[in-house]
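This report is meant for someone meeting the structure for the first time. Please look over the sequence and the model, and then follow the sections below.

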Amino acid sequence: MKHKYIGLAICIVFVFHVPRTAAKPDSADAMTWENDTVRKKVEVAFRAIDEQDLMGGISVIDVEKMTNKAYTTYSLSFVENLIGGVSGNIWGMDEYLVVIDGMIRDANNVLPTEIQQITVLKGAAAVVLYGSRAAKGVIQITTKRGKEGDPTIRIRANTGIHTPKSYPKYLGSAEYMTLYNEARVNDGLDPSFSIEEIYRHASGENPYRYPDLNMYASEYLRKMYNRSEAIAEITGGNQRVKYYTTTGYSRENSLLKVANNADNYVSRLFVRGNLDINIRDFLTIQADANVTFYDSYSARGDWWANAATLRPHRVSPLIPLSYLEENDIFSWPTIHASNYIIDGKYFLGGTQLHPTNPIADAYAAGDNKFVSRQFQFNTRFDLNLKSLLEGLHFRAKYGIDYASTYNQGYSNEYATFEPLWVDYAGTDMIGSVTQYGTDRKTGDEIISNSAYRYTYNFSGQFDYTHTFNSDHNVFGMIVANTWQRQESGQYHRLTNVNLGLQASYNFQQKYYLDFSSAFPYSAKLPEGNRLGFSPTVTLGWRPVKEDFFGESMFDDLVLTVSGGIISQDMDIATDDNPMGYYLYKTVLERSGWYSWADLGGEAATSFNRGESPDMTFVKRKEFNLGLRGSLWNQLLTFDFNYFTGKMDGDITQPHSIYPIYFTQVGYPTSSIMPYINYNIDDRSGFDFSMYLNRKVSEVDLTLGVNGMYFTSKAARRDESFEFDHLSRVGHPVNGLWGLQNLGFFNDQADIDNSPEQKFGEPKPGDIKYKDQNGDNIIDSNDEVFLGRWDTPFRLGLNFTAKWHNFTFFAMADGFFGGYGLKNSSYYWVRSDNKYSEIVRNRWTEETKDTATYPRLTTTNGDNNFRNSDFWLYKTDRLNLSQVQLTYDIPEASLQGSFIKGVRVYMSGYNLLTISKERKHFEMNIGSAPQTRFYNIGVIGTF
């Protein structure tokens with residue numbers, strides 16, 4: 001499979017390998033390699049460099065330019081499509097670091113309209129200066145700043161509609177009851193529902209007495225819902241002071257239209273501003289501030305979770321008053337005592353099993369608003385020390401962020417009523433009602449789930465830049481940076497402290513040498529091991545500047561080689577200690593068992609772990625090659641990176657190398673086994689980014705093809721398996737493991753002649769598994785590797801066509817080579833859970849030759865509902881993620897007015913999924929449905 005993808009990339013290159021007249025490249029949205037004298041600056045770690053001097057493992061996106069032709073609401077929407085190497089992670093690693101204007105911040109707290117540029121730092125040499133927390137890659141966001149000139153106002157307004165892609169399909173009452181009876185019979189039990197009951201529910205003659213509740217019905221849900229947004233930007237300044245400010249508000253409602261749910265909304269209000277002040281010719285100061293108010297209001301209750309679990313026959317949520325007998329002197333006063341007579345016609349229904357329900361919740365349970373407030377401030381000053389040494393600068397940054405969240409709202413109790421139905425002369429009437437609960441409103445607003453987070457950022461650096469004899473370009477930097485985060489409920493602060501050193505040299509932008517290193521400090525490690533060392537070296541060569549290269553098809557060509565070791569403490573953590581502090585220490589704790597009376601009956605003391613004085617940093621060891629350039633006057637631009645490396649020294653308690661007596665097995669448990677650096681993961685792959693730019697008649701065309709393929713492998717693990725096929729060593733790190741199915745048991749004879757399955761007593765129609773180890777028993781020892789649950793091959797396609805004042809943009813995303821398990825409640829239908837349409841293809845005696853689903857059961861179904869290739873599916877798909885058509889009003893039409901420019905556009909998002917598993921990918925279980933979004937927008941510049 002790996003060779004297939006490599007072939008695809010090579011084929012694309014050859015298809016484009018034809019000289020033509022090139023258009024002005026829109027690939028500049030992702031990267032440009034211009035040959036003029038004015039170079040675009042790219043923000044990397046703690047400095048900005050000329051784009052031509054970028055080494056391998058760095059990609060950049062011009063977000064400001066992209067947002068002129070592609071509107072989006074999430075800051076990182078373009079990242080995975082426009083460049084290679086990103087697929088929910090960077091180069092196959094997890095937990096990349098997001099840096100905004102030099103500060104560690106959240107990507108979801110900045111909008112694309114606020115962003116100037118995004119730089120993705122992938123290689124070890126690119127991230128090393130940020131220290132330990134950046135070891136798995138960095139996404140660096142640079143926001144817009146003021147520009148010298150007259151004040152400019154830019155206003156953007158958007159409004160659009162979300163339409164659901166699909167809803168889960170669950171069985172109605174009659175079909176559910178029928179199949180539930182079948183499940184009980186399969187288990188040797190009597191049916192629960194009579195034929196008459198099932199008929200009544202199927203007939204629909206009285207849906208209040210014989211309910212068939214469908215929470216996805218149009219009476220509860222809108223066909224669409226709205227999202228609207230308005231954003232204003234103001235910029236300007238002079239040589240002394242430049243300013244930029246932006247503010248905006250967005251609001252969207254929801255699909256639900258029942259009672260208080262109809263008022264559900266999510267809103268976001270923000271203000272961001274910055275100043276650049278030249279105090280003197282040697283001193284520049286920057287000040288930035290941002291405030292974000294986020295609110296999410298909803299009626300109490302979880303509609304979508306209930307929609308996936310509440311069985312259709314269980315409750316009628318609203319019952320007409322007209323079914324009450326006029327002379328029922330007991331029921332009428334009971335009902336009228338309720339505070340909730342809906343529309344003057346209905347009372348709230350309930351049962352003993354379901355005294356509340358989601359529809360009644362929407363009317364009576366109260367409401368809840370999630371509130372988030374974020375305040376961010378940072379400042380920077382640059383001091384030019386040319387009076388001491390030409391090219392020497394001192395720069396410092398400081399930032400402080402405060403975020404708080406809480407829930408506020410009202411929680412009410414309410415009464416529901418279960419009717420006792422009677423038949424009067426063939427007419428259904430309510431003979432009496434039973435009340436569950438009482439109406440109670442305290443009137444007190446509840447504030448709950450309060451949380452806060454402080455984040456401090458600081459960096460200070462001396463850097464030196466100079467060019468000797470117009471040929472020799474040198475740069476040196478020493479930088480100290482730290483950030484610290486304090487969160488509510490956590491005793492220890494998360495801290496990153498790092499000292500970085502960089503020395504770079506290039507000769508005529510032809511030969512490059514860079515040494516970048518860091519000295520991270522970690523309090524997670526024992527004293528003596530807390531200071532690490534992270535060296536990296538990069539070599540670069542631009543052969544197009546060599547005399548022997550002569551005239552060629554290449555406009556630019558750069559080859560880079562890089563390698564390094566990054567010491568990181570991100571992976572020094574465990575499930576029960578996610579912060580990772582003090583894992584090197586012995587832990588003695590009061591246990592939950594007690595001594596005998598002769599020892600006073602005191603609680604015993606047990607070991608949790610032993611001392612680990614040699615625990616040290618986990619090491620990212622990596623080597624990568626990079627090749628970038630352009631051909632035929634930028635007809636084709638390209639950027640390729642190959643990477644290979646390992647994550648060496650993940651911590652574990654290695655039972656396989658310590659004596660068994662280090663751990664006391666059974667009750668009570670105790671262990672003196674320490675955590676040590678042991679596990680190793682290997683990782684390798686390549687990323688690519690290619691842009692074809694061509695002008696056809698009056699149309700400028702750009703096609704971008706970007707992606708990544710990578711493999712991972714567990715190179716060393718603490719494991720002690722009896723059978724080799726269970727070993728994780730040599731298999732992908734993100735692997736799915738489970739049993740291999742052999743179809744269904746046809747009959748009892750088939751069961752008797754097969755290995756014994758240890759997951760309950762199997763019956764005909766249950767899944768049969770392969771005995772991998774030949775012991776004639778099916779258990780966890782028969783699990784095998786099934787596939788990777790991540791995405792080995794990630795593909796991004798984008799296309800731009802510009803004709804006169806019209807611009808068309810489209811973006812598609814491909815995911816290939818991964819696998820998943822259909823293991824949600826929609827597929828694993830056990831016990832008395834709600835039945836989805838999937839069970840229609842169940843195994844029965846009549847369908848045994850065509851069935852695609854196991855027999856139904858009212859048990860937990862442990863034999864069938866476990867990881868196996870029976871539930872395995874390929875995650876291959878291609879998504880049409882975005883399409884936009886933009887029109888710029890001709891400037892001639894605006895002459896003489898205060899309007900400088902007007903741009904209008906229409907766009908669509910998440911429009912199409914091409915996959916054999918499309919229905920599965922487009923369906924959400926237990927949460928709001930996926931939607932397509934159709935938007936219209938206008939931008940005015942004044």
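Two strands are said to pair if DSSP finds at least two bridges between them. The model described here is a predicted one. By that definition of pairing, strand 4 (residues 97-100) and strand 5 are joined by 2 bridges and run antiparallel, and within strand 5 the residue Ile104 is the bridge partner of Val99. Both strands belong to an open sheet of 5 strands, in which the order is 3-6-7-4-5 and the pairing is mixed. At the edges of this sheet stand strand 3 (58-61) and strand 5 (103-104), each of which pairs on one side only.

Another open sheet has 3 strands, arranged in the order 13-15-14 with antiparallel pairing. Strand 13 (318-320) and strand 14 (341-342) are the edges of that sheet, and each has a single partner strand, so one side of each is left without a neighbour in the sheet. Strand 14 pairs with strand 15 (residues 346-348) over 2 bridges in the antiparallel sense, and Tyr346 in strand 15 is the bridge partner of Ile342.

## Strands 17, 20 and 21

Strand 20 (residues 446-468) can be followed through two pairings. With strand 17 (residues 392-411) it forms 17 bridges in an antiparallel arrangement, and here Phe394 stands opposite Phe462 of strand 20. With strand 21 (residues 472-487) strand 20 forms 16 bridges, again running antiparallel, and Trp483 in strand 21 is the bridge partner of Asn457.

Strand 20 and strand 21 make a hairpin with 3 residues between the strands, and in this hairpin Asn469 takes a positive phi near 55 degrees.

Which residues make the nonpolar surface patch of about 630 Å²? The patch is made by Phe799, Trp803, Phe806, Phe808, Leu885, Met906 and Ile936, and strand 40 and strand 41 each supply at least two of its residues. Leu885, one of the patch residues, is found in strand 44 (residues 877-888). Its relative accessibility is 35%, so Leu885 counts as partly exposed.

The side chains of Arg373 and Asp295 are joined by a polar contact of 3.0 Å. Apart from neighbours within four places in sequence, the residues in contact with Arg373 are Thr292, Phe293, Tyr294, Asp295, Tyr402, Ala403 and Ser404.

Arg311 is located in the loop between helix 7 (303-307) and strand 13. This residue is also buried, since Arg311 has a relative accessible area of 11%. Leaving out its neighbours within four places in sequence, Arg311 is in contact with Tyr176, Asp832, Asn833 and Lys834.

## A histidine in a loop

His492 has its place in the loop between strand 21 and strand 22 (494-507). With a relative accessibility of 23%, His492 counts as partly exposed, because that class begins where the buried one, under 20%, ends.

How far apart are His492 and Tyr581 in sequence and in space? They are separated by 89 residues in sequence, while their C-alpha atoms are 7.9 Å apart in space. When residues up to four places away in sequence are not counted, His492 touches Met579, Tyr581 and Tyr582.

How values were computed. Residues are numbered from 1 along each chain as its sequence is written. This is a predicted model: local features need pLDDT of at least 70, side-chain atom pairs count only at pLDDT 80 or more; totals for chains, interfaces and linings use all residues. Side-chain values use heavy atoms; hydrogens and water are left out. Helices (H or I, at least four residues) and strands (E, at least two) are DSSP runs, numbered from the N terminus. A polar contact is a pair of N or O atoms within 3.5 Å; within protein, one must be able to donate a hydrogen and the other to accept it, and residues adjacent in sequence count only if both atoms are side-chain atoms. Contact means heavy atoms within 4.5 Å. Buried means under 20% relative accessible area, exposed over 50%, partly exposed in between (1.4 Å probe, protein chains only). Patches are made of residues with over 30% relative accessible area and no salt bridge: like charges are joined within 9 Å, nonpolar side chains (Val, Leu, Ile, Met, Phe, Trp, Tyr) within 5 Å. Accessible areas come from the Shrake-Rupley method with a 1.4 Å probe; for residues, only the protein chains shown count as cover. A salt bridge is a side-chain nitrogen of Lys or Arg within 4 Å of a carboxyl oxygen of Asp or Glu.
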